[in-house]
Amino acid sequence: MARKILEVNEMSAGFLVNKEIVKATDRISFNVEEGKTLCIVGESGSGKSVTSLAIMRLIDYAGGAILEGDITFNGASLPAKDQDEMRRIRGNQIAMIFQDPMSALNPVFTVGDQIAESLRLHQNKSDKDAMKEAVELLRQVGIPSPEVRAKQYPHELSGGMCQRVVIAIALACRPQLLIADEPTTALDVTVQAQILDLLQSLQKETGMAIILITHDMGVAAEVADRIVVMYAGGIMEEGSVEEIFAKPSHPYTVGLLKSIPGFEANDGNELYTIKGTIPRINQLPTGCRFHPRCEHAMDICRNQEPGFFQLGQDHKAACWLFEEHAAESKVSPARAAIEHGEVRV
Amino acid sequence: MSKQLSNETLIEIKHIKKYFPIKKGLLSRVVGQVKAVDDISLEIKKGETFGLVGESGCGKSTLGRVILRLQSATDGEVIYNGQNIHALGSSKLRDLRQDLQIIFQDPFGSLNPRFLVSDIIGEPLKVHTNMTAAQIDARVVELMELVGLDASRRNRYPHEFSGGQRQRVGIARSIALNPKFIVADEAVSALDVSVQSQVLNLLARLQKELGLTFLFIAHGLNVVRHISDRVGVMYLGKLAEVGPTEELYNKPLHPYTAALLSSIPRPNPALKRERIILKGDVPSPANPPSGCRFHPRCPMAQDRCKAEEPLLAEALPGRQVACHFPLVEDGALERLAARTLG
Ligand SMILES: Nc1ncnc2c1ncn2[C@@H]1O[C@H](COP(=O)(O)OP(=O)(O)OP(=O)(O)O)[C@@H](O)[C@H]1O
Ligand SMILES: Nc1ncnc2c1ncn2[C@@H]1O[C@H](COP(=O)(O)OP(=O)(O)OP(=O)(O)O)[C@@H](O)[C@H]1O
Ligand code: SF4
Ligand code: SF4
Ligand SMILES: [Mg+2]
Ligand SMILES: [Mg+2]
């Protein structure tokens, strides 16, 4: 097994809303290994971005805080560090890219200057060396005629090219961990394919770990080694990409996958739907946070929050359906029952 | 979709063009034109859902708005009920408005936040009919129930509704006047998957119950496959390909369609498919390439493609494509994929 570079342990992060603390992530735990990609998937408001802001400790600037638990990077606790130390880590060992590349770039500087600036700041390079390396980085992220492009401003580049520039800036300091929050959501599918390809080949070259945040199960299937499924601030299911897609088990994961239209011909039947809507985090239901929308909800689900049950060597779900059989086997009878529509409670 | 398709044309689009002037300087001198829609012809059949796909900026929304005459056309005709919509006087156009509606993408932005939901849904009734306040209220209740909203909440404001519920409000409003034809422009694109599937089912059900015809515009290729009977693929203001949904998705004829479809990420890690990765970016619609607009990015391009523009023509029964070398033969798609790897 590869070395764990990041460990998130029972971490809650949240905000003060109307004088009340609301948790946007609720005691979440996961690890990221060197050279591997972890995808965090979930719908709007599930806490994906807050998770990444907490890791970067940028949440302090967004009016929030890490409330409990720990995050260790290379064995050292990040919440224990002060912001000066964090500044050295951000952009050096951990880099981050966001959904909208335009907002991450400064419109009044050329893209070459912006990459070079990052190199000067973090690596004390001379102006000349920094610019030379900036051009090299542009080449590495697949921008044609990088010498020309380096002298252009963001508005002279397409959205896909801007995202490549943002990736170049993130890579400038050879980070050990790259956090990409919906990096392709604003881009067209053909450009998305280019950017995902680029991230994967850069990972192969540099061995960096990647946390990729997405709401698109298709993107996760293509790039992830491991997957964390979040819902309303909590982790519902976690496992290797193979296990999650071969044996999706939590009713939310199953529902999410079944709701995706159009991977096969429309058979004339209605699409599967998860009834109801995603709750607001300050109005979470009791017990299992998914229970008002769950087809399989039982009495216990309304009152008591489920812990994780192990479903396989590398696969677990937070759902009471797996309580009895959890210890036994890889193929859970409960999941089989869900698949065959036998569970009626 | 497995429903029986009618052969009756509801709307015929003939050589529609929409150019936007590019202005510069103090005197707003026109220095060029964005050819957002550049000579598109298309028939939409009664009762069908026609899906329109293509990358950002290819002209989908512009075409949708011009079809409804929410924007004027630079050239061309849109024939509905034997009349060219773009040649109608204002009173005739007003009558037609009832038949032709639009649903927008943004369930937040397209609803006036200061209006009650009942006013939003009832507004077209107020403008276009002589119904009394009580009649309008009764119709609003009926419409809300039809789209699966709790009618007892009609006297509330949009912000008190979730994204999916707001999209239902927009749908209820668009069907208030019993329209025949609805342009749905990215109507489900902003919704989460679990809510998106609810709205897609609603649209399919309304179509069945009310006999609606849809032009369904979206960049989400899976959603379009699910809901459409036929699909048109646009590239830089032109139709690259038109065909029945499953035939087009299973055997694309235009190299651009093939590349687009191969880029869809699939939720199945066992399927590591070969993507056709296109080089370069979409060129500007102000200055489209000569000949075939796709030629600078096309893995199959030959000399002829640079010089001569391919016209949309039937290449297989019921399937139109604008390409000099369409992927008609067996194995053509595989050869195309192979070319992009090296
Ligand atoms: N600065 C803030 N103050 C108060 N609440 C916040 C703040 N930022 C986020 N939240 C809340 O925290 C929850 C999680 O938000 P987050 O941005 O992590 O969701 P997400 O999973 O990234 O969703 P999306 O897919 O929409 O980006 C949401 O309910 C959101 O409203
Ligand atoms: N009012 C306008 N004035 C000038 N140019 C315009 C105007 N409306 C659209 N355009 C241009 O016309 C082209 C087509 O735009 P349109 O909005 O129709 O594309 P689209 O296919 O709907 O894209 P998207 O998927 O991003 O919604 C674009 O280049 C756009 O910039
Ligand atoms: S714990 Fe109960 S309510 Fe929650 S997902 Fe499992 S079955 Fe459904
Ligand atoms: S006409 Fe030529 S360049 Fe255009 S799509 Fe066909 S093969 Fe490619
Ligand atoms: Mg987010
Ligand atoms: Mg549009």
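## Exercises: domains, an interface and a ligand

In chain A, the centres of domain 1 and domain 2, taken over C-alpha atoms, are 45 Å apart. Keep in mind that you're working with a predicted model.

**Exercise 1.** Work out which residue ranges make up the two domains of chain A.

*Solution.* Domain 1 of chain A covers 105-166. Domain 2 of chain A then takes 248-339.

**Exercise 2.** Describe the interface of chain A and chain B: how many residues does each chain bring, and how many salt bridges are there?

*Solution.* Start with the contact list: chain A puts in 44 residues and chain B 37 residues. Next, the area: the two chains bury about 3,500 Å² between them, with 54% of it on carbon and sulfur atoms. On chain A's side, E222(A), F263(A) and N266(A) provide 19% of the area buried against chain B, more than any other three residues. Finally, count salt bridges between chain A and chain B: you get 0.

**Exercise 3.** Now do likewise for domain 1 and domain 3 of chain B.

*Solution.* First find the pieces: domain 1 is 8-99 + 179-228, and domain 3 is 252-265 + 273-342. Their C-alpha centres lie 24 Å apart. Contact involves 11 residues of domain 1 and 10 residues of domain 3. Together these domains bury about 830 Å², 60% of it on carbon and sulfur atoms. K35(B), E55(B) and L221(B) account for 52% of what domain 1 buries here. The salt bridge count between the two domains is 1.

**Exercise 4.** Where does ligand 4 sit, and which residues are closest?

*Solution.* Ligand 4 is in the largest cavity. Of the 13 residues around ligand 4, the closest are C292(B), C298(B), C305(B), C323(B) and H324(B). Sorting the shell gives 10 nonpolar, 3 polar and no charged residues.

Conventions
Residues numbered from 1 in each chain as written. Chains lettered and ligands numbered in written order. Predicted model: local features only at pLDDT ≥ 70, side-chain atom pairs only at ≥ 80, totals over all residues. Heavy atoms only, no water. Near = heavy atom within 4 Å. 1 Å grid on protein atoms, 1.4 Å probe; cavity = no way out; pocket = protein on both sides within 12 Å on 5 of 7 lines; lining within 4 Å. Sits in = over half its atoms within 2 Å of the grid points. Nonpolar A, V, L, I, M, F, W, Y, C, P; charged D, E, K, R; others polar. Domains from an automatic or database assignment. Contact = heavy atoms within 4.5 Å. Buried area = accessible area lost by both parts, 1.4 Å probe. Salt bridge = Lys/Arg side-chain N within 4 Å of Asp/Glu carboxyl O.
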